[in-house]
Amino acid sequence: MNATINLEKKHFPVLLNELVKIISPLYGGTFIDCTFGQGGYSNKILENKSNKIIALDRDKDTEKIAKKFKKKYGKRFIFHNSKFSNIKLIKSRDIKGVIFDLGYSLNQIKDTKKGLSFNSQGKLNMKLGLNDFSCHEVINNLDQKDLFLILKFFGEEKQAKIIARRIINFRKKKIIETPDLISIINSVKKFNKKKINNSTQVFQALRIFVNNEISELIKGLIGAYNILPIGGLIAVVSFHSIEDKIIKYFFNYYSKIFNNSRYLPEKDENNKYFNVINKKPIVPSVSELKVNPSSRSAKLRCAIKTRNGCDFVEFYDKFKYLTSVEELKLKLWKNLSQYLQFCL
Ligand SMILES: C[S@@+](CC[C@H](N)C(=O)[O-])C[C@H]1O[C@@H](n2cnc3c(N)ncnc32)[C@H](O)[C@@H]1O
């Protein structure tokens, strides 16, 4: 489960005080809230009248909350129902910071139509919004090897091979719906010593795949860098190790000092692209964990842009092994176009 989900079913913006402490020295300008959700971060930032927010969210349902914000904050608030991979389309000057709070919120997990919870009934979905394909198409069309790769790389699921095989066998009998997937997983993971639900890793893997979460994050981070002026800040709250690995590499690798020429011996402090604010990620305090225990996996990393002109070649290369798994979705397009040709 995502960290914004609380047992008392109340929404708590995760690491809000810590985030405000870091961004408040930059107040007096525009902040981009890439993951508007319930508006917890935006609301706090807008409390300061010198701030403006441009908010994005891929889930159309968040528009209802955005409309209330528009009424309350007028010109100081703009919302786009958009994925943050499109952040490069924002034309605004004086951007002080770009903020990401990854994953999904309580409202989304409570919405059984979205199929993010293990208790959902009927067709598999998992779409957060603006998707091409749902989990239904993925589970019922991709082959065993593809499903194995998704479960292995995005769920770090130890039983990926056998679960993928059982999915294919089950498919020969009937179309797989949410309860079928749960019983397939339970048939493999009978002896669970851990406290987490048997289906957690498989659901995480499928949600990442369905929503292209790896490519979204990579494009979002690079887009944020590109629209920020020097001195602008990027802050990211993440909830699982794959996301954190990507964010950590992005900030740490490009905060090394790069020489303009490899023949130059001396290193120039001005030749790095970021100043990392916190070397170690910021995690929830004991008091936050008490109020919102599911925030336990949250990590906040922040950096200030210090130089223009980075092409991020190493970053793309480093995570090609993950983005290439997301590209398996292209096979679903191929299946669809073959089917349409057959119908015509
Ligand atoms: C954890 S919630 C954000 C909660 C928010 N910080 C608050 O305080 O209310 C994450 C939100 O990000 C949205 N989201 C996830 N991936 C996205 C993407 N690639 N582009 C835009 N929005 C995205 C989800 O729809 C969800 O509403």
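**Entry 1. Helix α9**

I looked up the buried residues of α9 in this predicted model and found Gln201, Val202, Phe203, Gln204, Ala205, Leu206, Arg207, Ile208, Phe209 and Val210. Because 10 of the 11 residues of α9 are buried, I note the helix as largely enclosed by the rest of the structure. I then asked which elements cover these buried residues. The cover includes α5 (135–141), α6 (144–155), α7 (160–173) and α8 (178–188), together with α10 (213–227) and α14 (320–326).

**Entry 2. The largest nonpolar core**

I turned to the largest nonpolar core, which has 82 residues. Leu151, Leu206, Ile234 and Ala235 touch the most other members of this core. Helix α9, residues 200–210, gives the most to it, with seven residues. Both domain 1 (16–107 + 213–310) and domain 2 (132–210) contribute residues, so I record the core as lying between them. In general, nonpolar side chains of soluble globular proteins tend to be buried together.

Setting aside neighbours within four places in sequence, I found alanine 235 in contact with Leu19, Ile22, Ile23, Gly97, Ile99, Leu300 and Cys302.

**Entry 3. The two domains**

I checked how the protein chain is divided: domain 1 covers 16–107 + 213–310, and domain 2 covers 132–210. How many Å separate the centres of domain 1 and domain 2? Taken over C-alpha atoms, the separation is 32 Å.

Most residues other than glycine have a negative phi.

Is asparagine 212 buried or exposed? It counts as buried, because 21 C-beta neighbours lie inside 10 Å and the cut-off for burial is 20 or more.

Glutamate 156 sits in the loop between α6 and α7. With 14 C-beta neighbours inside 10 Å, glutamate 156 counts as partly exposed.

**Entry 4. Proline 281**

I located proline 281 in the loop between β6 (274–276) and α12 (286–291). Proline 281 has 17 other C-beta atoms within 10 Å, so I record it as partly exposed. Not counting residues up to four places away in sequence, proline 281 touches Asp244, Lys299, Leu300 and Arg301. Leu300 is also among the contacts I listed for alanine 235.

I also looked up proline 281 against serine 337. The two are 56 residues apart in sequence and 45 Å apart in space, C-alpha to C-alpha.

**Entry 5. Around the ligand**

I looked up the 23 residues around the ligand and found that Pro13, Thr35, Gly37, Gln38 and Gly40 come nearest. The elements giving two or more residues to this shell are α2 (40–46) and β2 (52–57). I recorded the make-up of the shell as seven nonpolar, 10 polar and six charged residues.

**Entry 6. Confidence**

Finally, I checked the confidence of the prediction. The protein chain averages a pLDDT of 92, and 94% of the residues score at least 70. Over residues 1–8, however, the pLDDT is below 50. Beyond near neighbours in sequence, this stretch has 23 contacts in the model. Where pLDDT is low, the predicted coordinates should not be read in detail.

Definitions and conventions. Residues numbered from 1 in each chain as written. Predicted model: local features only at pLDDT ≥ 70, side-chain atom pairs only at ≥ 80, totals over all residues. Near = placed C-beta within 6 Å. Helix = DSSP H or I, 4+ residues; strand = E, 2+ residues; numbered from the N terminus. Nonpolar A, V, L, I, M, F, W, Y, C, P; charged D, E, K, R; others polar. Buried ≥ 20, exposed ≤ 12 C-beta atoms within 10 Å, placed from the backbone. Contact = placed C-beta atoms within 7 Å. pLDDT = per-residue confidence, 0-100. Core = buried A, V, L, I, M, F, W, Y, C linked by C-beta atoms within 7 Å. Domains from an automatic or database assignment.
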